[in-house]
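Subject: Structure handover

Hello,

Here is the structure for your files. My notes follow below it.

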Amino acid sequence: MDRLIHTALSGMRASMDSQRVIASNMANANTLGFRAELVDARSVTIEGLPNEARSMQTARVRGADMKAGEIIETGRSLDIAIETDALMAVQAEDGTEAYTRRGDLSISATGLLVNGDGRPVMGDNGPITVPPTGIPAISPDGTITISDPAVPDQPPAEIGRIKLAGWQGSPIQKGLDGLFRVEGGGILPLDETATVRVGGLEQSNVSTTEVLVEMIDAQRLFAMRSKMIATAREIDESGAQLMRLG
């Protein structure tokens, strides 16, 4: 009974961990640029006699699904969708450089270029600041220019370039804040070939249909493992009753 109960209990814990990830993915199905989290569920055999007969289960987040989401057209000049596999560099709350795919940009009250999460967008020399006068525009390579409508003959002035970083070949991990970072610290290199689509936004890559199926499977697994514990109790009570009769 001890083996059965502990094995079923570890499975219930793994199902609960999977449900948390599934719920997070479902909650962010409409979050711009969101990358679905992937769960790694596997059995772990305890080494050493007499416990090798037990096979516990663990479940943990092993990464994110990096496939691109659908791009919708907005027509807004400060909305960008990254057309390549690059990530946009932003400044995290602790001041370090982190990365995201969310491109609904705006200008804060202090003149900083921020995305929809309020994260300052990083350029070659740190967070990008936009002058209070003029009309900003973004080119496909991420370069930001500003033009003065009062002087139509003057060419637009370049004020910075959004850092579009390449992550292939670099170990990155997703944090609880939804931002990607380099494992162990550090920053990603600039991807010179990265391009953006101006006037469009990338949607979440979460498939609600797949998430619902995963949720149902996790609930069924939890119910089955709960039933195993109830069955173990019934067997234990039956065995105790037979011993009393003897």
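Which residue takes a positive phi in the hairpin of β5 and β6? Gly95 does, with phi near 90 degrees, and the hairpin has five residues between the strands.

Before the rest, the terms of use. This is a predicted model, in which local features need pLDDT of at least 70 and side-chain atom pairs count only at pLDDT 80 or more, while totals for chains, interfaces and linings use all residues. Residues are numbered from 1 along each chain as its sequence is written, and side-chain values use heavy atoms, with hydrogens and water left out.

Overall

The protein chain has two helices and 18 strands; helices (H or I, at least four residues) and strands (E, at least two) are DSSP runs, numbered from the N terminus. Of its 246 residues, 36% count as buried, where buried means under 20% relative accessible area, exposed over 50% and partly exposed in between (1.4 Å probe, protein chains only). The chain exposes about 14000 Å², and carbon and sulfur atoms supply 54% of that area (Shrake-Rupley method, 1.4 Å probe; for residues, only the protein chains shown count as cover). Among contacts (heavy atoms within 4.5 Å) between residues at least 6 apart in sequence, 63% join residues at least 24 apart.

β5 and its partners

Four of the five residues of β5 are buried, so this strand is largely enclosed by the rest of the structure. β5 runs antiparallel to β6, with four bridges joining them; two strands pair if DSSP finds at least two bridges between them. Ala89 stands opposite Tyr99 in β6. β5 also pairs with β14 (residues 164-165), in the antiparallel sense over two bridges, and there Leu87 has Ala165 as its bridge partner.

Thr100 lies in β6 (residues 97-100) and counts as buried because its relative accessibility is 6%. Its side chain reaches the backbone nitrogen of Arg102 at 3.1 Å, a polar contact (a pair of N or O atoms within 3.5 Å; within protein, one must be able to donate a hydrogen and the other to accept it, and residues adjacent in sequence count only if both atoms are side-chain atoms). Neighbours within four places aside, Thr100 is in contact with Ile82, Leu87, Met88, Val90, Asn115 and Leu179.

Nonpolar cores

A nonpolar core here is a set of buried Ala, Val, Leu, Ile, Met, Phe, Trp, Tyr and Cys residues joined through side-chain atoms within 4.5 Å. The largest has 21 residues, of which Met88, Leu105, Leu113, Ile138, Ile162 and Leu164 touch the most other members. β4 (80-82), β5 (87-91) and β12 (143-147) each supply at least two residues of this core. A second, separate core of 11 residues includes Ala64, Tyr99, Val182 and Leu188.

The β11-β12-β13 sheet

These three strands form an open sheet in that order, with antiparallel pairing. β11 (135-138) and β13 (157-161) stand at the edges with a single partner strand each, so one side of each is left without a neighbour in the sheet. Four bridges link β12 and β13, and Thr145 has Glu158 as its bridge partner in β13.

A loop residue

Gly185 is found in the loop between β16 (180-182) and β17 (196-198). Gly185 is partly exposed, at a relative accessible area of 43%. Its C-alpha atom is separated by 9.5 Å from that of Glu97, 88 residues apart along the chain.

Regards
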